[in-house]
Amino acid sequence: MTGPERVQKTGSRPRTRKRVAALLATAGATVLLAACGSSSKGPVTLNWYVFPEPSGSFQAAATECSQGSHGAYNIKISFLSTSSDQQRVSLVRRLAANDSSIDILAMDVDWTAEFATAKWLKPVPASVAAQIRSQDLAGPVQTATWQNRLWAVPINSNTELLWYRKDLVPNPPTTWRQMIADANQLAAKGKAHYIEEQGAQYEGLTVWFNSMVNSAGGQILASNNKVVLGASALKAAEIMKELATSKGADPSLNVSMEGPGQVAFQNGTAAFMINYPFVWSATMAGNPKVFKDMGYAYFPQVTPGIAPKVSIGGYNLGISAFSKHPNLAFQAVQCLTQVKNQSRDAIKGGLAPVAASIYDQPAFEKAYPFHQLIKQQLQTYGLRPQTPAYADVTLAIQKTLSPTSNINPKTVVSTLRNEIKLSLSSSALL
Amino acid sequence: MSAVTAPPSAPSAQTTSRRKHLSDRARAERRLAYWLVAPAAIVMVAVTAYPIIDAVALSLQRADLRFPNATKFIGLSNYGHVLTAPVWWQDVFHTVILTVISVSIQLVLGMCLALVMHRIIFRRGLVRAIALVPYAIVAVVAAESWQLAFSLQSGWIPKLLGLSGDPLSHTFGTYVAIIFNQGAQGTESISILNYNTLLDRLNLGLGSAVSVLLFLLVALIAIVFIVGLGAGRAPSTEAA
């Protein structure tokens with residue numbers, strides 16, 4: 001640096017100082033203004049973080065509930081990503097930082113134990129809990145329960161049925177082995193014969209495995225966090241491998257998810273599909289020719305004669321422990337999940353309701369002709385492992401079972417046991 | 001500095017005074033320099049040294065945000081779990097492959113580019129600036145745009161190559177994609193493992209153990225680079 005330059009700089013100093021002072025003053029004023037803004041009276045804003053609901057049913061409920069609160073609160077929806085994993089990451093990051101900007105959060109049914117143990121949730125008040133237990137089906141209520149306490153309010157549920165082609169299979173199979181045999185027969189006759197299942201290495205694979213283990217009469221994890229697995233797990237894994245190595249396996253089974261499975265069914269290459277009820281309206285719109293022969297039945301049995309226990313999906317609404325308005329938030333959640341709003345979510349948005357009474361509404365029966373099957377499966381439900389380490393446990397299951405065609409019956413149960421045990425002690429690098 | 005205060009020879013009075021005058025000025029400038037550097041140094045320590053120490057401390061505990069009541073000191077167990085996990089060695093392997101291939105390609109292409117830059121005849125500044133623009137793109141933005149480019153539904157790369165399957169569903173395809181896109185900044189696969197353990201699954205203890213191991217790995221590479229290849233001895237004669 002040279003001398004003259006320095007002199008010049010010194011010369012310009014006062015002006016700079018003035019500018020800095022002006023900037024500071026502006027910043028100070030902004031802070032003051034912001035403070036004024038937040039202290040002014042008016043409805044409290046309740047931020048609802050939820051998965052994207054394209055039909056507008058959630059938005060309609062939020063608007064109506066806000067209006068009905070007579071100026072007490074105003075629900076502002078923030079849509080998260082469509083992927084459940086991404087939703088969890090977005091929420092968890094905010095909650096781990098004690099962020100008070102979330103009031104109501106839509107939680108996938110698997111997150112209850114994790115969020116409750118991490119102290120991110122306010123437990124549901126006893127009076128509200130009693131009302132929910134009397135109004136909702138058993139399965140959805142159980143997903144929101146952790147250590148005998150209700151931590152969230154169910155808003156919608158989900159369960160997988162068997163969908164089949166009536167023109168190819170006049171009588172739907174009732175067991176997995178029968179379905180695989182039917183597929184082989186169809187293949188021998190040169191007809192469409194694939195069984196669409198979620199075999200990709202993602203949550204859908206855990207859902208499948210869990211449904212199989214529960215339907216075989218077993219459990220992955222007991223409520224005391226002990227790993228169970230055992231003979232039921234072996235049977236489950238064996239049938240999964242049997243399917244994956246049979247003629248019924250779609251060549252893309254190892255990367256198959258719900259959406260592509262539905263597309264394959266609608267394109268006519270599949271005879272069977274295990275999938276959620278969204279496939280009904282999707283196939284209706286996608287290919288009326290296939291839809292004309294589309295039938296539905298209960299999820300196939302693993303043990304002949306014993307009703308299956310199918311993994312429950314869906315969402316529960318929790319109240320953040322860091323919310324500044326928990327009481328208003330619980331009022332809002334009660335409104336958002338009331339029967340009127342749930343039926344709109346079901347009929348307009350295709351979300352399976354949790355309130356038992358909706359299953360007898362004529363409008364719902366029309367949109368969901370298979371409603372009694374869903375209601376039944378939500379009562380004889382299967383739960384995915386309830387543990388704070390669910391994110392690790394499910395990854396361990398997915399990694400061990402994928403690809404399903406390579407499952408080794410001799411080692412699969414012990415590998416699962418080791419991996420899940422590591423997950424439960426925060427020692428699993430996955 | 002001791003050489004200045006105690007000169008070995010006895011020079012003339014004039015030179016001594018001039019030197020003393022110079023060294024005073026030099027000392028003042030040096031002091032000023034320290035003052036000027038201090039804020040940056042303090043910030044550097046705060047944002048690098050503190051997290052490193054914290055990571056080492058966390059890596060010796062069961063620290064999992066999902067089990068807030070189960071936090072306890074567990075010694076080196078986390079390191080044991082990381083080093084015995086197949087996924088760690090798998091990712092180390094991926095990282096080594098990516099590094100070797102991408103560094104080789106970068107070296108050759110970079111040298112060619114440098115030679116071309118050197119011989120530019122017109123608009124030298126503009127052309128050089130254009131060549132440097134990609135460096136200014138945030139890695140995440142670049143990664144996202146390349147992901148779009150490679151996606152089966154909307155990407156232009158599968159269309160261009162006439163691919164029917166997703167190129168990213170095969171290990172080899174993924175290598176090619178990573179190497180050509182971002183030049184794999186050294187430790188990506190291990191970093192992603194680290195990121196998922198720490199931020200997706202909130203396992204701070206185990207994730208910190210991965211961080212510390214990653215840090216040691218990078219330190220090792222740096223030492224090999226400086227000592228083995230003589231990078232430390234490279235003269236810096238670039239004039240301002």
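Predicted model: local features only at pLDDT ≥ 70, side-chain atom pairs only at ≥ 80, totals over all residues.
Residues are numbered from 1 along each chain as its sequence is written, while chains are lettered from A and ligands numbered from 1 in the order in which they are written.

**Chain A overall**

- Chain A holds 19 helices and 12 strands; these are DSSP runs numbered from the N terminus (helices H or I, at least four residues; strands E, at least two).
- Its C-alpha atoms fill a box of roughly 95 × 60 × 45 Å along the principal axes.
- Among chain A contacts with a separation of 6 or more, 74% join residues 24 or more positions apart. A contact means C-beta atoms, placed from the backbone, within 7 Å.

**Where chain B touches chain A**

- 16 residues of chain A are in contact with 19 residues of chain B.
- On the chain B side, α3 (77-84), α4 (86-118), α9 (188-200) and α10 (204-228) of chain B each give two or more residues.
- That side divides into 9 nonpolar, 5 polar and 5 charged residues. Nonpolar covers Ala, Val, Leu, Ile, Met, Phe, Trp, Tyr, Cys and Pro; charged covers Asp, Glu, Lys and Arg; the others, Gly among them, are polar.

**Helix α19 of chain A**

- The 13 residues of α19(A) (residues 412-424) should span 18 Å at 1.5 Å a residue, and the end C-alpha atoms are 18 Å apart, which agrees. The expected span is 1.5 Å times one less than the number of residues.
- Buried in α19(A) are V412(A), L416(A), E419(A), I420(A), L422(A), S423(A) and L424(A).
- These buried residues pack against α10 (230-244) and α18 (390-401) of chain A.

**Helices α11 and α12 of chain A**

- α11 (residues 258-266) and α12 (residues 278-286) of chain A pack at about 45°, with axes 10 Å apart.
- α11(A) and α12(A) are therefore oblique to each other, a class left over once angles under 35 degrees (roughly parallel), over 145 (roughly antiparallel) and 65 to 115 (roughly perpendicular) are set aside.
- Q262(A), F265(A) and Q266(A) of α11(A) meet V279(A), A282(A), T283(A) and G286(A) of α12(A).
- By class, this contact has 3 nonpolar, 4 polar and no charged residues.

Notes
Contact = placed C-beta atoms within 7 Å. Buried ≥ 20, exposed ≤ 12 C-beta atoms within 10 Å, placed from the backbone. Axes fitted to C-alpha atoms, helices over the stretch in contact; angles between N-to-C directions.
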